[in-house]
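Hello,

Here is the structure I promised to pass on to you. Have a look at it first, and my notes follow below.

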Amino acid sequence: MNINNQQDSFKVFLSYSAHDIAKKQSQGICSTEATKKVYLNSLATYAVDYYLNCMSFETVKDRDSSQNPWMQTFINTADVEVKNIGKIECFPVSQNTKYCQIPQEVASDRIAYIFVQINPSLDEAHIIGFTPNVNVQSAPTIALNQLQSVDNLLEYLTQKEQAAIVNISQWMQELITEGWQNLENILNPQQLAFVRSRQFSITQARKIDLGLQLDSTPIALVARVASENEDTINMTIQACPLESTYLPQGLELIVNDENGVSVLNATSREHDNWVEVTLSAQVGEKFSVDICLGESKVTQEFIV
């Protein structure tokens, strides 16, 4: 079975640099089989790291423990860590591979599993697809013809990146979640005039992307926090356009409780400059905010 004929892939040329890294990774291993395993794992992680960097995802370098070849002979892992998102496990496969088993040691703390088809001459790698999660109760077997496409991987990672949980209690201690900025750094003067209608102790904003639904027009999610007392905070959550005057009509802002039940919502109308919801939350309470337009959705999680 040639997997490349069945689903989209991303081709990576395995350069001398890739093989030099693989040789260093596999040096000092006595077993021929283990040497080959570590070598192929290294080529697979090289290809995935290259692909992620091409797609503007920052990966964590110099992870000595996971790159230790002696350890890799005992633990069948080959992961790439994406900054602020999590670890992705990489699986080298051949053109004739139909199924791949996920080792139990990597079945619980990975955000995705990517499969990399390496050609017999070891000069090309094709990232053929991924699966986002597995059953951690067993060592699951993945059918490679059922993988999600590489295009879906980008959307999946973007959603993971944008959904990094915001800890409001840390904000109160001036520890701001990465990716969030002061209003002055993200909004233009006209938008600042619209959203600065009330005084809050903390106001932060971040850029979100709803994809083609907005024709690549970015939206800002604004979180405004006022401390009521030691146990309760009041918040206003707003969405506003970054590069245009008005929000697209029909953009929804939905607040969900920790069980995923919708408790508040607001929808933009024609010529709305922003849309907002106001809420109170107790210390320790969790909730999430969905920003929706058509079939596109970005979710931001919060904990007080």
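This is a predicted model: local features need pLDDT of at least 70, side-chain atom pairs count only at pLDDT 80 or more; totals for chains, interfaces and linings use all residues.

**Aromatic pairs and the rest of the chain**

What does Phe287 pair with? Its ring and that of Phe302 have centres 5.1 Å apart and planes at 10°, so the two are stacked. Phe287 belongs to strand 15 (residues 286-293) and Phe302 to strand 16 (residues 296-303), and the pair links parts of the chain 15 residues apart. Phe302 is buried too, with a relative accessible area of 1%. Both rings also belong to one aromatic cluster, which Trp171 and Trp180 complete.

A search of the whole structure turns up seven aromatic pairs. Another one of them joins Phe91 and Phe115: the ring centres are 5.2 Å apart and the planes lie at 20°, so this pair is stacked. Because Phe91 sits in strand 3 (residues 86-93) and Phe115 in strand 5 (residues 112-118), the pair ties together parts that are 24 residues apart in sequence. Phe91 is buried at 6% relative accessibility, and Phe115 is buried at 0%.

Now for the chain as a whole. Its secondary structure comes to seven helices and 16 strands. Of its 304 residues, 46% count as buried. If you take contacts between residues at least 6 apart in sequence, 59% of them join residues at least 24 apart. The chain exposes about 15,700 Å², and carbon and sulfur atoms supply 45% of that area.

Helix 2 (residues 32-54) is worth a look as well. Its 23 residues reach 33 Å from the first C-alpha to the last, close to the 33 Å expected at 1.5 Å a residue. Just after helix 2, Ser56 takes a positive phi of about 70°.

How many disulfides does the structure hold? The count is zero. As for cysteines, Cys54 is partly exposed, with a relative accessible area of 39%, whereas Cys292 is buried at 9%.

Best wishes

Terms used:
Residues are numbered from 1 along each chain as its sequence is written. Side-chain values use heavy atoms; hydrogens and water are left out. A disulfide is a pair of cysteine sulfur atoms within 2.5 Å. Buried means under 20% relative accessible area, exposed over 50%, partly exposed in between (1.4 Å probe, protein chains only). Helices (H or I, at least four residues) and strands (E, at least two) are DSSP runs, numbered from the N terminus. Contact means heavy atoms within 4.5 Å. Accessible areas come from the Shrake-Rupley method with a 1.4 Å probe; for residues, only the protein chains shown count as cover. The expected span of a helix is 1.5 Å times one less than its number of residues. Rings of Phe, Tyr and Trp (its six-membered ring) pair if their centres lie within 6.5 Å; planes under 30 degrees apart count as stacked, over 60 as edge-to-face and the rest as tilted.
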